Amino acid sequence: MTSPATRFVPAGDTGGHEPVTPARRTGIVAALAITQTIGYGTLYYAFAVLLTPLAADLHASTTAVTGAFTASVLTGAALAVPIGRRLDRHGGRGLMTGGSAAGALLLVALSQVDHLWQLYLVQIGIGAAAAASLYEAAFAVVIAITAAEHRSSALLAITVVAGFASSVFLPLTGWLTDVHGWRTALVILAVLQVVTVPLHAFALRGSEPPRRARRAPSRGVRAALADRGFWLLAIGFTAHTAAVSAFTVHLVAALISWGHRPAFAATVAGLLGVLSVAGRLLTTGLQRRSRTTTVTAAVFAVQAAAALLLPLVGARTGGVIGAVIGFGLGFGVATIAKPVLLAERYDTRRYATLAGALVVPMTLAKATAPLAAAYLHTVSGGYAPVFAAVAVCCALAAAMIAAAGRLPRPQRAVACRAG
């Protein structure tokens with residue numbers, strides 16, 4: 001009898017879940033595409049339309065009301081790691097179903113607020129519900145049940161559909177608010193949000209990890225946190241999030257300051273949503289021929305060049321459109337690249353915990369970058385330094401992702417018997 005031998009396998013190939021059948025995978029992906037579109041529309045994008053009427057009815061400034069939305073986003077960041085741990089241990093069905101139901105109830109509660117403190121309380125709850133039911137949770141489900149060769153296409157399908165959430169729900173919320181008032185509009189949005197509850201409850205049946213995966217040792221997380229590549233990815237995606245957030249918030253104001261009409265500036269900014277979908281399609285196609293890190297770093301580098309070029313061509317219509325297209329093609333790339341890279345590099349049984357660890361600095365960057373950019377604009381007296389800073393962040397992101405791609409993947413020892 002031979003003694004046990006030890007073989008080493010790439011960490012990203014050691015999932016604790018058996019891949020589901022193609023038909024089952026298609027059903028889960030379709031359900032998640034619908035729930036993510038509705039969830040982002042009701043729990044995230046609708047707030048932008050409701051900002052002004054909320055401030056008027058609560059007799060508060062738009063800054064104070066916006067602060068409630070910031071509190072919601074930061075709540076999601078604070079809960080990212082504990083939610084990730086639960087997803088790794090128990091799967092997404094119970095958590096996403098509960099988060100969806102809580103989101104519907106909180107939208108109804110939001111329609112009844114009369115004081116600013118109530119708004120903050122409800123928005124903090126919405127932040128928790130969103131963290132339990134939106135992208136990070138959905139990606140954890142996909143990573144757990146999908147074989148490596150199908151992950152990119154499954155993530156792409158979800159994000160392409162959900163990428164139109166703003167295009168659908170911003171005008172829908174505006175129309176409902178104009179016709180029925182913001183309080184009734186929220187109740188109608190809550191009814192739409194209810195649709196996601198049975199979809200999560202029934203479509204995700206059987207997606208829970210097996211018992212052996214629930215008992216997976218936490219040393220997989222510790223090993224990942226000790227890996228240089230993890231921190232290169234963290235720096236890269238955090239820098240990119242800061243760049244995208246600052247670019248989005250300040251683009252319209254910058255174009256107006258360079259002499260363009262507000263309608264043109266808003267239309268050009270609106271291209272970013274459509275371009276994000278095009279960029280995801282392009283990136284997923286390129287991933288079949290090149291490594292994900294190479295493709296992602298190249299896209300981020302193009303964004304750096306576009307951001308640096310924008311102030312130089314800012315007074316010319318064609319130049320502005322070209323620069324925005326260059327930047328916009330990378331607008332949604334990080335959304336699909338991050339889960340693919342984490343799943344390729346590390347033990348997928350601890351994917352959600354590691355993804356949650358990345359969400360924290362990325363969310364802080366998303367919240368603070370526009371403020372830092374506004375300060376830079378104030379002290380410099382123009383927007384050229386702002387977009388130069390955006391370019392630096394994108395270049396840093398490209399360098400970090402490329403460097404992570406050059407590192408060998410961590411290896412995990414697996415005992416097996418020879419002979």
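Is D227 buried or exposed? The close-ups below take this up along with a few other spots. This is a predicted model, where local features need pLDDT of at least 70, side-chain atom pairs count only at pLDDT 80 or more, and totals for chains, interfaces and linings use all residues. Residues are numbered from 1 along each chain as its sequence is written, and side-chain values use heavy atoms, with hydrogens and water left out.

**View 1. D227 and its contacts.** D227 is buried, at a relative accessible area of 14% (buried is under 20%, exposed over 50%, partly exposed in between, with a 1.4 Å probe and protein chains only). You'll find D227 in the loop between α11 (219-225) and α12 (228-257); helices are DSSP runs of H or I, at least four residues, numbered from the N terminus. Setting aside neighbours within four places in sequence, D227 is in contact (heavy atoms within 4.5 Å) with R345, Y346 and P410.

**View 2. The largest nonpolar core.** A nonpolar core is a set of buried Ala, Val, Leu, Ile, Met, Phe, Trp, Tyr and Cys residues joined through side-chain atoms within 4.5 Å.

**View 3. C393 and C394.** There are zero disulfides in the structure (a disulfide is a pair of cysteine sulfur atoms within 2.5 Å). The closest cysteine sulfur to that of C393 is in C394, 7.1 Å away, so it's too far for a bond. C393 is partly exposed at 25% relative accessibility, while C394 is buried at 0%.

Methods. Helices (H or I, at least four residues) and strands (E, at least two) are DSSP runs, numbered from the N terminus.
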